[in-house]
Amino acid sequence: MTSPATAYTARWVWCGPGDLRSGAAVLLENGWITEVAHHPPRGVAVTDLGKGLLLPGLVNAHTHLELSGLAGMMPPQGDFVGWLESMVSLRPAQLRQNGPESTAAAVDYLAQDGTALVGDVTNTGKAAPVLTQAGVSAVSFYEALGAAKAEPPPAQAVWQGAVLMAAAVAAHAPYSIPTYRLAALKAKAGALPFAIHLAESRAEVQFVAGVGDEGKRLEEFLILRGLRREDLRLAADTPLGQLMAAQALDQNTLLVHGIQLTSGEVAQVAAAGASLCVCPRSNLGLTGAMAPVEELLAAGVNLALGTDSLASTPDLSLWAEMAALVAAKPDLAPEAVLTMATQGGAKALGQAGKFGTLRPGAAAPLAFVPLADLAEGEVVEAVARGEHAAKPVSVGRFDSAERKEQGR
Ligand SMILES: [Zn+2]
C-alpha cells in the first residue's frame, strides 16, 4: 500500500543555489519528491504553508548525538585541551545516567526542526535506530581511536523506504590514530564518506609538528590516555600531511573543522576534491576561530555545516549555526551559507541528489521557515541570518508510522 501524493506550496520556494521561486508546488509520495511544479496537479491534496520559505530539509553534517547527556555541563571556554580533559572525565557517568533519554530528545529535536539528514559520529551505534524510527536519515560514522580501539563495522548504505541508514567509517583525528591505521580505515571506508576531525586547534598543529607549549599539553593528555607520540609513527609534520601520507585525502574524505588550515593546505584540499564541515559555534567556543571559509569557497572546496555535539554547542539548530556563521563572516553570500546547510552537506555525506535539493528523486522531509513580508531579494538573506517570524519546522517527514502503512 502506498500513501497518496501530497503537494506543499509556500510563498517562496528555494530549490537550490540560484533557484528561488515564487509559489511553486513540491509533490511528495512515500517520502520522495516526485515533482516540483508551478501549480499543484489536480486531484492532489495541497498544503499551503503560507508566508515563508520552503526549502530542502537541512543536512547537519557533523554531530555526536550520544554525547547529548553532556549538554550544558562543559561550556567551551577557548581552551581545547582543557575541554578534552572535561570530556573524558564527565563522559562515562553521563552515558550511564541519561544516555538513551538524552539521545532520544536530541533526535526528536532534529526531527521537528527541519533536519533531513545527519552525519552522526558514534562509538555505540545506539542513535541509528532512533533516527530511523523518527524519519531522520543518517550516515552513522563509527569512530576509531588509538592504535586498535573501536574498530568500525563494514561501511554500508541501507534505505528503509525514503529513510537512509548508512554506516560509515571515521577516524578520530591525526593526533590520536597511527599513520598505518589511518590508511587501513580509509581503505575500509570504500566509496562511502570517511570523516576525520582535522586541524581543529593550535595544540593539534603544534603536537604533530613536535613544537610548542600547547602541543606539549596535548601530548601529556594523550600519554595519560595511553597514547605516546612515537606510537603514531608520524609520517609528516602537519595534520593534513599526515592524512595525505596515509593516502586518506580524496573526494570521499570529509574533513571536520579545518580551523588551522593554511593557504597552501586549502589548495591541497581543493585539489583532492575533499569536503570540509564547519561547526561555527563549537569552533568559536572551543578555539575562538573558524576555518578560512571565504578562501575555501574561492578555491572550490565543497563546504558543509554541522552543529558538533551538545558538549560544545548550546543546541542542535543548524539555523543557529547559519546565523553564527553570517555574524562571524558578514561578507559571505547568504546563498553560499544556505548551500552549505543543504546541498554542500548532502555532497559531503555522499548523498548528492538524494538530499539538500528540491528535485525529483530527493528524499523528504523538507523544511519551512515562516518569514515576515519580504521582497524577493531579502528572502534568502533573512533565512541565513536567522530572522524567522516563527520556529522553522519539518515538512512531509516520512516517519515509522507511514512506513508501516506502506508495508515496509
Ligand atoms: Zn566532532
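Predicted model: local features only at pLDDT ≥ 70, side-chain atom pairs only at ≥ 80, totals over all residues.
**Notebook: helix pairs, sheets and domains**

I number residues from 1 along each chain as its sequence is written. Helices (H or I, at least four residues) and strands (E, at least two) are taken as DSSP runs, numbered from the N terminus.

For α4 (residues 202-209) and α5 (residues 213-224) I found axes that come within 7 Å and cross at roughly 85°; such axes are lines fitted to C-alpha atoms, for helices over the stretch in contact, and the angles run from 0 to 180 degrees between N-to-C directions. I then listed the contact, which is made by R202, A203, E204, Q206, F207 and A209 of α4 and by E214, G215, R217, L218 and E219 of α5, where contact requires C-beta atoms, placed from the backbone, to lie within 7 Å. I sorted these residues into four nonpolar, two polar and five charged, with Ala, Val, Leu, Ile, Met, Phe, Trp, Tyr, Cys and Pro as nonpolar, Asp, Glu, Lys and Arg as charged, and the others, Gly among them, as polar.

Next I looked up α11 (residues 334-348), which packs with α12 at an angle of about 55°, the axes being 8 Å apart; that makes α11 oblique to α12. The crossing of α11 past α12 is left-handed, meaning that the near helix is turned anticlockwise from the far one by less than a right angle, clockwise being right-handed. Here P334, E335, V337 and L338 in α11 meet V380, E381, V383 and A384 in α12, and I count this contact as six nonpolar, no polar and two charged residues.

I followed α12 onto the strands, where α12 lies across β2, β3, β7 and β17 (366-370) and runs at about 125° to β3. The five-strand open sheet has the order β3-β2-β7-β17-β18 with mixed pairing, two strands being paired if DSSP finds at least two bridges between them. β3 (20-22) and β18 are at the edges with a single partner strand each, so one side of each is left without a neighbour in the sheet. Inside this sheet I found β2 (residues 12-14) and β7 paired in the parallel sense over two bridges, with L53 in β7 as the bridge partner of W12.

I also traced an open sheet of four strands, β5-β4-β1-β6, again with mixed pairing, whose edge strands are β5 (32-37) and β6 (45-48). β4 (residues 25-29) pairs with β5 in the antiparallel sense over five bridges, and L27 stands opposite E35 in β5.

Last, I checked the domains, whose bounds come from an automatic or database assignment: domain 1 covers 6-56 + 359-400 and domain 2 covers 58-348. Their C-alpha centres lie 29 Å apart, and 25 residues of domain 1 are in contact with 25 residues of domain 2. On the side of domain 1 that touches domain 2, α12 gives the most, with four residues, and by class I noted 15 nonpolar, six polar and four charged residues there.

Key: Contact = placed C-beta atoms within 7 Å. Parallel < 35°, antiparallel > 145°, perpendicular 65-115°, else oblique.
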